[in-house]
Amino acid sequence: MSKEKGYRMKLSRNELAAFDSWLGELQHTELKIQRLIILLSRTKNAKEREHLEQRILSYENFTMTCDRVRDLLDDNLRQIFDLKYGRGSNNTWEEIADIVFVSHRHIYRKRQTILELFAEEIGRL
């Protein structure tokens with residue numbers, strides 16, 4: 001299905017859940033990179049080093065993509081993004097709705113907007 005002007009393709013529930021889960025890993029990415037760098041410094045085998053370097057690059061690319069998506073968001077969506085996916089966050093969508101004083105239904109529409117932007121940024125929409 002092609003995009004028409006002014007029309008945004010929507011993600012299925014399964015896709016929304018998958019992207020939500022994937023973005024949820026963002027807060028752990030920095031720690032994963034640090035651990036891989038330590039492993040890399042201790043590894044002598046060239047193939048293992050290459051594999052570790054590729055994993056580090058993959059996590060760095062993921063982080064940069066998330067930063068680009070975050071930069072595309074308006075202040076309200078950025079706040080919601082940070083409350084859900086920011087460092088140390090463990091808020092549910094319902095808790096975020098209460099924090100920003102919107103209905104649960106409204107927060108899920110905002111979630112969908114964030115996740116669709118993420119999907120567009122990685123070329124999945």
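Q: Leaving aside neighbours within four places in sequence, what is Thr29 in contact with?
A: Tyr59, Phe62 and Thr63. Contact here means heavy atoms within 4.5 Å.

Q: Before we go on, what sort of model is this?
A: A predicted one: local features need pLDDT of at least 70, side-chain atom pairs count only at pLDDT 80 or more, and totals for chains, interfaces and linings use all residues. Residues are numbered from 1 along each chain as its sequence is written, and side-chain values use heavy atoms, with hydrogens and water left out.

Q: Okay, back to Thr29. Where does it lie?
A: In helix H2, which covers 26-42. Helices are DSSP runs (H or I, at least four residues), numbered from the N terminus.

Q: And is Thr29 buried or exposed?
A: Thr29 counts as buried because its relative accessible area is 2%. The cut-offs are under 20% for buried and over 50% for exposed, with partly exposed in between (1.4 Å probe, protein chains only).

Q: How far is Thr29 from Ile107?
A: Their C-alpha atoms are separated by 25 Å, and the two are 78 residues apart along the chain.

Q: New topic: how many residues are in the largest nonpolar core?
A: There are 24, and Phe81 and Tyr85 have the most contacts inside it. A nonpolar core is a set of buried Ala, Val, Leu, Ile, Met, Phe, Trp, Tyr and Cys residues joined through side-chain atoms within 4.5 Å.

Q: Which elements give two or more residues to this core?
A: H1 (13-24), H3 (46-72), H4 (75-85), H5 (93-99) and H6 (104-121). The largest share, 6 residues, comes from H6.

Q: What does Phe81 touch?
A: Not counting residues up to four places away in sequence, Phe81 touches Leu23, Leu26, Cys66, Arg70, Leu73, Gly86 and Ile114.

Q: What about a second core?
A: That one is separate and has 5 residues, including Ile33, Leu36, Leu40 and Leu52.

Q: Let's look at H1. Which residues are buried there?
A: Leu16, Phe19, Asp20 and Leu23. Seen down the axis of H1, the buried residues fall within an arc of 105 degrees, so they line one face of the helix. That arc is taken from the directions from the helix axis to the C-beta atoms.

Q: And what covers them?
A: The cover includes H2, H3, H4, H5 and H6.

Q: Last one: where is Thr65 found, and what is it in contact with?
A: Thr65 is in helix H3. Leaving aside neighbours within four places in sequence, Thr65 is in contact with Phe118, Glu121 and Ile122. At 10% relative accessibility, Thr65 counts as buried.
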